[in-house]
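Hi there,

Here is the structure I promised to pass on. Have a look at it first, and my notes on what turned up follow below.

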Amino acid sequence: MRPETAESGGERATDRFDAWLALQRVTDSTRANIVADVVGHPEGAPSVDELDYMNPSLEADTIRNHLKVLREAGVVEELTVPTGERTRGYPYKFYRVTEAARELFDRNGLFPTEAWRRQYERVEKTAEIRELEAMPRPDE
């Protein structure tokens, strides 16, 4: 059974969001956990450092690889702080769920924002992670 999608007629342009591919990518348990952490983040756009803290069994490079898969499927997008506005020693890349993926998730009852925000907030955070959470995110 295919998920509810906004696409009609079964046509798929290469530049169009592929709901089926997106759902296939988020069904991997590790990627589902990462998406849940992105959705649950208080700003909706964590850095790899924050995702690394929330997923202690994963290496940062592994998280980056999963984020790449999710980006390629159109599930998350990368927000980058412009070069002149970066603060040394702080992350400059953040990840948020794309509008198309959020619509898909809402239509199919997946990754409800309020539930994952409550779950994310229950995790005890270090002062460093709280500081990262409070950083402004680019609007891109």
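A word on terms before the findings: a residue is called buried when its relative accessible area is under 20%, exposed when it is over 50%, and partly exposed in between, using a 1.4 Å probe and protein chains only. Please keep in mind that this is a predicted model, where local features need pLDDT of at least 70, side-chain atom pairs count only at pLDDT 80 or more, and totals for chains, interfaces and linings use all residues. Residues are numbered from 1 along each chain as its sequence is written, and side-chain values use heavy atoms, with hydrogens and water left out.

First, the overall layout. The protein has seven helices and two strands, and along the sequence they come in the order α-α-α-α-β-β-α-α-α. These elements are DSSP runs numbered from the N terminus: H or I of at least four residues for helices, E of at least two for strands. Of the 140 residues in the protein, 40% are buried. Contacts (heavy atoms within 4.5 Å) reach across the chain: among those with a separation of 6 or more, 63% join residues 24 or more positions apart.

Now to the charges. I found nine salt bridges in a search of the whole structure, each one a side-chain nitrogen of Lys or Arg within 4 Å of a carboxyl oxygen of Asp or Glu. One of them pairs Arg137 with Glu50, with the closest N and O atoms 2.9 Å apart. This pair ties together distant parts of the chain, 87 residues apart: Glu50 sits in helix α3 (residues 48-54) and Arg137 in the segment after α7 (127-134).

Asp106 and Arg102 meet at 2.9 Å, N to O, and both belong to helix α5 (residues 99-107), four residues or about one turn apart. Here Asp106 is exposed at 53% relative accessible area, whereas Arg102 counts as buried at 17%.

There is also a network of salt bridges linking Glu121, Lys125, Arg130 and Glu133. Within it, Glu121 bridges to Arg130, their closest N and O atoms being 3.2 Å apart. Glu121 is partly exposed at 42%, and so is Arg130 at 34%.

Asp37 is buried but has no salt bridge, and the nearest side chain of opposite charge, Lys125, is 8.7 Å away. (For charge, Lys and Arg count as positive and Asp and Glu as negative, while His and the chain ends are not counted.) Asp37 is part of helix α2 (residues 29-40). Leaving aside residues up to four places away in sequence, Asp37 touches Pro46, Leu51, Met54, Asn55 and Tyr120.

Finally, how do α2 and α6 meet? The axes of α2 and helix α6 (residues 113-122) come within 7 Å and cross at roughly 90°. Axes here are lines fitted to C-alpha atoms, for helices over the stretch in contact, and angles run from 0 to 180 degrees between N-to-C directions. From α2, Ala36, Asp37, Val39 and Gly40 meet Thr113, Trp116, Arg117 and Tyr120 of α6. These residues divide into four nonpolar, two polar and two charged, where Ala, Val, Leu, Ile, Met, Phe, Trp, Tyr, Cys and Pro count as nonpolar, Asp, Glu, Lys and Arg as charged, and the others, Gly among them, as polar.

Best wishes
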